Amino acid sequence: MTDSEKLDLLLSEMQGVKSEMQDMKSEIQELRQHTASIESDVTDIKLTLENEIRVNIQRVAEGHLDLSRNMHEVMKPNNEIEMLAIKVRMLETDVRELKQKMA
């Protein structure tokens, strides 16, 4: 192989490497654009979580707390009614026993 042929072969290999480098540069540029897009999406998601989701969860929790308080307030009379019913049954039993003793 002559020197000229060697130089031609080396030149063709260098052009192939140059072409591959150009391809890699374009791929890296695409990756950078994709990464920037992902970062933008993540920022949007974080803002949504912070400004909307957290606030809405807090509102739901506050509403649940209010409902729980209201339920306990509504349940108080039921508990009192049940206690009164028990007392009435006890009194009925006492009256029945007194009637039996009197008879």
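**A chat about helix α1**

Student: Which residue does R69 form a salt bridge with, and how far apart are the closest N and O atoms?
Tutor: In this predicted model, R69 forms a salt bridge with D66, and the closest N and O atoms of the pair are 3.4 Å apart.

Student: OK, and where do R69 and D66 lie?
Tutor: Both of them lie in helix α1, where they are 3 residues apart, which is about one turn of the helix.

Student: How exposed are R69 and D66, then?
Tutor: R69 has a relative accessible area of 46%, so it counts as partly exposed, and D66, with 39%, is partly exposed too.

Student: How many salt bridges does the structure hold?
Tutor: The structure holds 1 salt bridge, namely the one between R69 and D66.

Student: Where is the kink in α1 centred?
Tutor: The kink in α1 is centred on L49, and the bend there is about 40 degrees.

Student: New topic: which residues make the nonpolar surface patch?
Tutor: That patch, of about 360 Å², is made by V17, M21, M24 and I28.

Student: Where is M21 placed, and how exposed is it?
Tutor: M21 sits in helix α1, which runs over residues 3-102, and its relative accessible area of 43% makes M21 partly exposed; a residue needs over 30% to be counted in a patch, so M21 passes that cut-off.

Notes:
Residues numbered from 1 in each chain as written. Predicted model: local features only at pLDDT ≥ 70, side-chain atom pairs only at ≥ 80, totals over all residues. Heavy atoms only, no water. Patch = residues over 30% accessible without salt bridge, like charges linked within 9 Å, V, L, I, M, F, W, Y side chains within 5 Å. Areas by Shrake-Rupley, 256 points an atom, 1.4 Å probe, with all protein chains shown as cover. Salt bridge = Lys/Arg side-chain N within 4 Å of Asp/Glu carboxyl O. Helix = DSSP H or I, 4+ residues; strand = E, 2+ residues; numbered from the N terminus. Buried < 20%, exposed > 50% of the residue type's maximum accessible area, 1.4 Å probe, protein only. Bend = angle between axes of the 7 residues up to and from the residue.
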